[in-house]
Amino acid sequence: MASSSSSSSRPSQAPRQHPPHGRSAFSYLSRSIDGQPPSGLSVRSKAPAASRRSVTPNSRTRPNGDDASEPARVRVAVRLRPRNTEDLLSDADFADCVELQPELKKLKLKKNNWSSESYRFDEVFSESASQRRVYEVVAKPVIESVLNGYNGTVMAYGQTGTGKTYTLGRLGKDEASERGIMVRAMEDIISSTSPASDSIEVSYLQLYLEAVQDLLAPEKINIPIVDDPKTGEVTLPGAVVVKIRDLHHFLQLLQTGEANRHAANTKINTESSRSHAILMVNIRRSVHEEENDTPIQENNSGKDFSNSVGIPIIRKSKLLIVDLAGSERLDKSGSEGYLIEEAKFINLSLTSLGKCINALAENSPHIPTRDSKLTRLLRDSFGGSVRTSLIITIGPSSRHYAETTSTIMFGQRAMKVVNMVKLKEEFDYESLCRKLENQVEHLTVEIDREQKLRDNDRIEMERKLKECQKSFAETEKCLVTRSEFLEKENVRLETEMKDTLKELNCLKDQNDYMQGEAARLEMNLIHSKQYQLESSSYQKVLADTTQMYEKKIAELMKQLEEEQIHSERAEKQLDGMEKLLNDHKKSMQQYQMESSMYQKALADTTQMYERKIAELNQQLDDKHACFEISEELEKTKKLLSDHQKLNQLQGKKEIDEVRMKLQESHRLHQKAANELEFIKSEYKVLLTEKAKLMDELNAARKNLLIEEKQRKAVESELLKLKKLAPENEEDFEDKRSYMKENISQPLSSHKSNQSRETILGQRATIAKICEEVGLEKILQLLASGDIDVQIHAVKVVANLAAEDINQTKIVEEGGLDALLMLLRSSQNTTILRVASGAIANLAMNEMNQFLIMSKGGAQLLANIASRTDDPQTLRMVAGAIANLCGNGNLKEKLHASLREDGAVKALLGIVQSGNSDVIAQVARGIANFAKCESRGIIQAGHRRGRSVLVEDGMLTWLIANSNTASASSRRHIELALCHLAQNDDNARDIISSGGVKELERISVESTREDIRSLAKKILRLSPTFSAETHADR
């Protein structure tokens, strides 16, 4: 149940002030409970009204009888543990499920981003709270009450691995500030008591497998629990009781008890307590007269009167400091074998304790305290007469949301339990008024401080606003430059398109010209054919006329053989000319004038012959002058022969000229025909090219339109991406380091909440843009030809891959293949670095590890490591390989593939860069590999023989750098050496290379207590190392 419902009825608390010795500490505690439990909390046993009066220390009186009592609610504080190595390895990118509000003494338990519940406690400690502050707030009021004669209990409850033993039992030998509640409580008790008149006795026990065992005397393994018939208190008669001399003596006893306490290594905690530890401190004090300063009331009993006059009073009080074993789930802790039996008894006793708390909170008439020995031992601490403070410890990881919720609800129910402390008090309203005045002053100071903080925050926000404006101006300038470049490119393309159109127009004009020429040549051909037809008709008429006249002459001059021969020759020559004219029809137009002249001469000759024939016919008809006719005939024949000769000579000459001209005309005609055919073929080719160019032009226009749309879309997406993505590589590295570099570096306790909110806001912006733009489009940009677009796209994908909810979508949409293709093909250093970081993010998922390995991702990473010298790229590659090496469940095939692909040797080659961040990632990868390998050997027995790391020469490098590397690298190297030492087959190599000395150094000088404990355990349990250690000594 959330405690917010009861917060309104409780006044704000004043600053804590410790009451002086000899006075009751209840008035101090009553500041938070005001003499009665908060509203909504039930009181198990009701006291008489007269015994419930509360007074301030100034008006405090003794109770009327021994049975008088006052209600004192169980005070509950909550402490948040920082993220440990397992949290960093498993869910570095998950948001914490717990949000603290220490100033309001509230915590908010977040189930998801939109569902949360608030709970109020008496005190809320963040992960940066010091041990001293925890002690002063939680335990010191109980210690002061114990010193004044009241029984007290301080108890820690929570899930395993959340810091209960650290809070209560930390010895702090090397660093006093790290001391836990046990040591600080004993220090205050010793300093507040006198060795002459007071005595302090302690017993240190553990409840293991429902058996009470003495940690100071391990042979006592089953101590009985006895109820004292006189006092009703629970006693342990068989437990060893040691009288404390000084603080050093107590530290020795506490160290002895911690060494005898049962602990084991689980997945959640390397040193998990397997028993409930109970430190019992019995204090005997003599009350001096100056301490017994309570005024005597009129109705005081004789006992109070005897005390007031100075009769010595012995005050006996008992303090219980209980370090409960952590609750755990077997599927998370990985417990096997005997560890399962231990976990059953732990969870059984804690369940019994929870039932008792529920019964007390619900005011049930029956409290099942006898269900468990733990509840019997703590019977008075809850619902009895003991002043109890409970501190619950929780972790921030959302993987343990159910355990965290159970722990918080246990604390909420415990706050409802009210113990009846045997002390009668009532309030002094004047003191209450002074207390309220002090609170007002304190709140005024707090308001001033908050106002100053708000002013500082405002100044910081203004500074960040200026930085954002500057970054926006730079981004705008970059976009303007990019836009100008794109505009120039567009102008260039438009110019090229205009030139192309101009060339097409020229080709079109040339085509039109060629078409005109072809049409002109066709018209000339048509005219030539017409002239040929006309010439053939003229020749036919001439032939017909000549034949007619030849027939008439043959009829008239049968006897003139020579004239006939000449006539036949003339006919043959005319036939030859006709054939020549028929063969060369195209040239008849040029010789039309000559043909008409020939026709005129032929007509004249014909007329002349007709005239002669007419004269001859007349002469023949007259029959008068035969002789004259014969002479005339001879003359005619002679004239005819002369004329024929002359015509023959002229005809030959003219025929030669005509033949030459006809040959020239035929040649020109043939040339013109060839040119026409060539022009027609060129015209067809031009038409084909024109069609192709038109198609290409249309396609170019469509492509230009598509590219213009894509360019606008890309520009809009770039605007969104550049608002989201960092403008320089340093910003990206910082953001990425928050996402993934926390794997190798512990979470800083001083990291501001404001930076977390900024990064969470950026992640939310990325998720929103991913929903609007679509993951598929973002992944398509990875294949863009623009390097800037690729860089921004891969940065967005890397940020998306940091969230588990996006990893499956990225892999399903082909994002993993695209990233691996970038690693395979890109030569850009930024793309290789960011793509390797995205692969590292995806490699946090177990299923993605097999996909990356099956697609050759490890081999690609090893190749990049071999061909680049950039420290940031090497750091990303080493981080990706480190994530592939580490897994909660050992997979021997996966590790074998890593070795075959050269990833393990690549880690050894990467360290040559000398960069501390790169070396830290390499050390983390080796530690992950060694951890999974040793866990597989111990728990599942997957592999026997020398470690793969030893065979590849990693052991020499680990030993050489175990004391020289940086703090983060040294921690991983020490852990890797410890895990390698857990394999007995590696013992000979470790001894020969000097690894035993390093293990001894780690067991003493390591900054991590769990690593020191692991090294000590290995040296103690391994007979080979023990023999080597003794031989060196």
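The questions and answers below concern this predicted model.

Student: How many helices and strands does the chain have, and what share of its residues count as buried?

Tutor: Taking secondary structure first, the chain has 36 helices and 18 strands. Burial is counted over the 1033 residues of the chain, with under 20% relative accessible area as the cut-off, and the share that counts as buried is 46%.

Student: Where do the buried residues of helix H21 lie around its axis, and which helices do they pack against?

Tutor: In H21, which spans residues 804-812, the buried residues are Asn806, Gln807, Ile810 and Val811. Viewed down the helix axis they fall within an arc of 135 degrees, so they line one face of H21, whereas Ile805 and Glu812, on the other side, are exposed. An α-helix has 3.6 residues a turn, so residues three or four places apart point the same way. The buried residues of that one face pack against helices H19, H20, H22, H23 and H24.

Student: Which residues lie nearest the centre of the largest cavity?

Tutor: There are 12 cavities of 30 Å³ or more, and the largest cavity holds about 190 Å³ of space. Strands E7, E11, E15 and E16 and helix H11 each give two or more residues to its lining, which divides into eight nonpolar, five polar and five charged residues. Of the 18 residues that line this cavity, those nearest its centre are Val234, Lys318, Leu320, Leu377 and Asp380.

Notes
Residues numbered from 1 in each chain as written. Predicted model: local features only at pLDDT ≥ 70, side-chain atom pairs only at ≥ 80, totals over all residues. Heavy atoms only, no water. Helix = DSSP H or I, 4+ residues; strand = E, 2+ residues; numbered from the N terminus. Buried < 20%, exposed > 50% of the residue type's maximum accessible area, 1.4 Å probe, protein only. Arc of directions from axis to C-beta. Contact = heavy atoms within 4.5 Å. 1 Å grid on protein atoms, 1.4 Å probe; cavity = no way out; pocket = protein on both sides within 12 Å on 5 of 7 lines; lining within 4 Å. Points joined across faces, edges and corners; volume = space filled by probe spheres on them. Nonpolar A, V, L, I, M, F, W, Y, C, P; charged D, E, K, R; others polar.
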